[in-house]
Amino acid sequence: MSIYLDSNATTQVHTEVVEAMLPFLTSHFHNPSSGYGAGQAVKAAIATAREQVASLIGASPSEIVFTGCGTESNNMAIKSLAREIGRANSKVVVSEIEHSAVLRPTEAMAAVGFEVQRVGVKEDGRLDLDALEEAIDNTCPGFLSLMWANNETGVIQPVAEAAAAALKAGWFVHTDAIQAVGKIPVNVKDAPVDFLSISGHKFHAPKGVGVLYIREDTPFEPMIRGGGQEDGRRSGTENVAYIAGLGKAAEIMESELKNGGIAAVGALRDQLEKILCDRLKGVHLNGSREHRTTNVAHVSFDGCVASQMLPKLDAAGVQCSAGSACMTGKSKPSHVQKAMGFSDERAFSSLRLSLSIFSTEDEVKQAAEKIVAVVNEVRGLN
Ligand code: PLP
């Protein structure tokens, strides 16, 4: 069995999540909009899931909208905000290290005449708050989209401070919290954001289900119109099984956050990094040590190229990635690492090793040994 160290790409669906989903794929197949008892029972399951997600992020259930994936959640927020601020005399600010699910829709806005500015990060991968303050223009309407945690490095962004600066200017704020929710405490009471995106498959729910948190009173223009499901904010017959699964996963992660399960993931990650640093020279741990999710080690190995390491690691039974899954196979260095000021050489020599609550100490030790062997082998080749 291979050792899975790519939990930022996706996670294994939790067995309790599968159990929570099964009734809605079998006996409880009814349409939640049907008025008879069986339909209403299915509708109740969606309400339960809404409460479970709301509880995980400190929101009200009415602020939770189920979507088809994290990418959809980001697009819903950005497209609604674009309409709200209007194209003329407005401004949009995003960070340079956003996921393509924020960069592409804001590029599309720029292509039709919106002013869109990207703000950089410091070497530790955290947003440059001074540059953000300069970019925010309080003379025009606008919005800020800043991710909560970066998908490649795990570095946690100063969302509360950045959102406060944007709100002072009367701007709206969206945060892509897809790599944060379920991995670290995320509470909308601590950060005054209007929109927050979540994706189920990053925390043990299946792929193809997400959430958009929309703060009460924040204006919202639906992207998908139709039968008026999700209080008119996202039409389409609800994917009940996946929604129930996402709710269950939210409940599990809330308890993992409280009972030390997430902290234990951090201890394993630290152990992995320690073995690599003790056993090898020329190892760089990238990104802020202080502000990062507990599950990610982002590591560069001098004299190595990730594209040489990855197939050897795969053959040795370690599944991990270079930068982000979306970058795999691309010959350009990661835009995140370039924004952090890394040379191409350092960017190409980086691995992202991402753990989950399913990772074990034995796996971490074995994976570390295999990585050490592959690094030594690749260094011998070069
Ligand atoms: N945003 C971030 C930060 C991500 O890591 C991902 C997934 O890799 C997405 C957005 C897209 O989410 P989904 O795969 O649910 O569309």
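This is a predicted model: local features need pLDDT of at least 70, side-chain atom pairs count only at pLDDT 80 or more; totals for chains, interfaces and linings use all residues.
Residues are numbered from 1 along each chain as its sequence is written, and side-chain values use heavy atoms, without hydrogens or water. Local features need pLDDT of at least 70 and side-chain atom pairs pLDDT 80 or more, while totals for chains, interfaces and linings use all residues.

Helices (H or I, at least four residues) and strands (E, at least two) are DSSP runs, numbered from the N terminus. Two strands pair if DSSP finds at least two bridges between them. Strands of a sheet pair through backbone hydrogen bonds, either parallel or antiparallel.

Seven strands form an open sheet with mixed pairing, in the order 2-8-7-6-5-3-4. Strand 2 (64–67) and strand 4 (116–119) are its edges. Each has a single partner strand, so one side of each lacks a neighbour in the sheet. From one strand to the next, the twist averages 20 degrees. Axes are lines fitted to C-alpha atoms, for helices over the stretch in contact; angles run from 0 to 180 degrees between N-to-C directions. Strand 2 and strand 8 (residues 210–214) run antiparallel and are joined by four bridges. Phe 66 stands opposite Val 211 in strand 8. Helix 3 (residues 70–85) lies across strand 2, strand 3 (91–95), strand 5 (142–145), strand 6 (172–176), strand 7 (195–199) and strand 8. Helix 3 runs at about 160 degrees to strand 7. Contact means heavy atoms within 4.5 Å.

A three-stranded open sheet has the order 9-10-12 and antiparallel pairing. Its edge strands, strand 9 (283–285) and strand 12 (350–354), each pair on one side only. The twist averages 25 degrees from one strand to the next. Five bridges pair strand 10 (residues 296–301) with strand 12 in the antiparallel sense. Val 299 stands opposite Leu 351 in strand 12. Helix 8 (residues 261–279) lies across strands 9, 10 and 12, at about 15 degrees to strand 10. Helix 9 (residues 306–316) also packs on the sheet, touching strand 10 and strand 12. Its direction makes about 40 degrees with that of strand 12.

Val 18, Leu 22 and Leu 25 make a nonpolar surface patch of about 260 Å². Patch residues have over 30% relative accessible area and no salt bridge; nonpolar side chains (Val, Leu, Ile, Met, Phe, Trp, Tyr) are joined within 5 Å, like charges within 9 Å. A salt bridge is a side-chain nitrogen of Lys or Arg within 4 Å of a carboxyl oxygen of Asp or Glu. Areas come from the Shrake-Rupley method with a 1.4 Å probe; for residues, only the protein chains shown count as cover. Leu 22 is found in helix 1 (residues 15–25). Leu 22 counts as partly exposed because its relative accessibility is 43%, between the limits for buried (under 20%) and exposed (over 50%).

Technical notes. Buried means under 20% relative accessible area, exposed over 50%, partly exposed in between (1.4 Å probe, protein chains only).
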